[in-house]
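Hi,

Here is the structure I promised to pass on.

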Amino acid sequence: MNVAVRSHATAKQASEHFDVLIVGAGISGIGSAYHIQKQLPGTSYVILETQETFGGTWSTHRYPGIRSDSDLHTFGYSFKPWVGPPIATAEEILSYMKEVIDDNDIARHIRYKHKINSASWSSEQNLWTIETVTTDTGEPRTFTANFLWMCQGYYRHSEGYTPEWKGMDRFKGRIVHPQTWPDDIDLANKKVVVIGSGATAATLVPNITDTCAHVTMLQRSPTYFRLGRNAIEIAEELRRLQVDEAWIHEIVRRKILFEQDAFTKLCVSKPEQVKKELIGQISAVLGPDYDVETHFTPKYRPWRQRIAFVPDADLFKGIASGKASVVTDEIECFVENGIQLKSGKLLEADVIVTATGFNLAALGDIAFEIDGKPLAFGDTVTYRGMMFTGVPNMVWVFGYFRASWTLRVDLVADFVCRLLGHMKAKGAKKVEVSLRPEDHNMPILPWIDPENFNPGYMMRNMNLLPKRGDKPEWQHSQDYWTEKDEIPKTDLDDKAFVYG
């Protein structure tokens, strides 16, 4: 690796060179920057971020009540104790990230308002060339890097997913998506319909009930939720005993991960028992006369889609109070004053919020080329969901669905730092993964098994994602409890790694 940052004059414009280029200043990019500084001091790196500030998801989403649906003891970084309530607001998460940036002098490495248009690999130079444009001035800029660390997430930040329903142009009110929440919207005394049943809808509804005349959560089918206090007893007890926060963070992380592992296994081994317990929590809040069977009893087994945690049962308390309601039905069409349902019922609305999910953007909508040939990401096979056949010197951070995203940020960062150190020791300028002779007859399958996990945003765009094999090393297993032991033991001289 070359330590110094270099500038090159080209026919187009000056370019800057770094050992490592990190894409994205969200939770993944900031965590990765911390690890590269700590584990590989002297390595030059830059973070390119399209938005005007750090935070990624927590900066993009600004709808009322935006909060985590994972606990911050595991969603927070392993190296930075979380001292607040386990379910945190976007503001609290951004404050936590700012402390990481400030404490580790990361800000000087971040280039904001840099939209990446293309990334091209040259085997002749063993180099990535990244073409960007600054979003405020339109100025083109070029960067080169030995290694590309993709930390941009998996969805398009500029727009959320909204289905096309008949008659949307006829609706006289306002249609908004939570991902692009407008600053000027006024919900006071308005009838609001929130379409969706996931974590976004479950967060938004209780946070606007006191403002609206009434809010209705319209869902095509129910989803699973977990209820509980927004507090962790063992953390509270340890604080009373004045235990060091770093110790508390580690103890609470281990406790939560132990319990999550047990719960995930129970969802598979005894799904009916888990289902009964989850729905029983909801019935306890809504009362015996509420139609829980229709509105909160999913048809799939627990954990086939993400289970959102509802702190202090706020969504269900809003429903019980009568300020919010749930309708389970399908949309026939939009009409001037609301939504006509297939059942024949009309849902009146002044504002319709489409909490209908993400648009998948597997590689951040960047045009990739390998030696002049466009990269068809969907034709590659993944190595543990991090590296991809035929794509040199690149790692992608893709987190967990059944555990906190950030747990994998730490794991992947350790792996990348070890890989870069190994390359330096070998004198290698290039590394890529390749199927070994014993792998060539293995089945090649979609990125995720839909029987295991099948959220709509993944199913809609599975063709954009790499393929997986049927061996552990050739897939993203989504199993943190196995990967936390396996990934650190990866043999970097295995035949799957090809150095040059």
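A quick definition before anything else: a residue is called buried when its relative accessible area is under 20%, as worked out with a 1.4 Å probe on protein chains only. Please also keep in mind that this is a predicted model.

With that cut-off, Q478 counts as buried, because its relative accessible area is 6%. Q478 sits in the loop between α12 (456-460) and α13 (480-486). Its backbone is worth a look too: Q478 isn't a glycine, yet it has a positive phi of about 65°. Most residues other than glycine have a negative phi.

You'll find W303 in the loop between α9 (292-295) and β12 (308-311). Its relative accessibility is 8%, so W303 is also buried.

Now the strands. β5 (residues 114-122) and β6 (residues 127-134) run antiparallel and are joined by 8 bridges. S122 faces L127 of β6 across that pairing. The two strands make a hairpin with 4 residues between them, and N126 in the turn has a positive phi of about 50°. β6 then pairs with β7 (residues 140-150), again antiparallel, through 6 bridges. Here E131 has T142 of β7 as its bridge partner. β6 and β7 form a hairpin too, with 5 residues between them, and the turn holds G138 with a positive phi of about 75°.

Further along there's an open sheet of 3 strands, in the order β14-β15-β16, paired antiparallel. β14 and β15 (residues 338-341) pair over 4 bridges, and I331 stands opposite L341 in β15.

Last, a helix pair. α1 (residues 27-39) packs against α11 (residues 405-426) at an angle of about 35°, with the axes 9 Å apart. The crossing is right-handed. On the α1 side, the contact residues include I27, G31 and H35, while those from α11 include W405, V409 and D410. Taken together, the contact residues split into 7 nonpolar, 6 polar and 2 charged.

Cheers

Technical notes
Residues are numbered from 1 along each chain as its sequence is written. This is a predicted model: local features need pLDDT of at least 70, side-chain atom pairs count only at pLDDT 80 or more; totals for chains, interfaces and linings use all residues. Side-chain values use heavy atoms; hydrogens and water are left out. Two strands pair if DSSP finds at least two bridges between them. Buried means under 20% relative accessible area, exposed over 50%, partly exposed in between (1.4 Å probe, protein chains only). Axes are lines fitted to C-alpha atoms, for helices over the stretch in contact, and angles run from 0 to 180 degrees between N-to-C directions. A crossing is left-handed if the near helix is turned anticlockwise from the far one by less than a right angle, and right-handed if clockwise. Contact means heavy atoms within 4.5 Å. Ala, Val, Leu, Ile, Met, Phe, Trp, Tyr, Cys and Pro count as nonpolar, Asp, Glu, Lys and Arg as charged, and the others, Gly among them, as polar.
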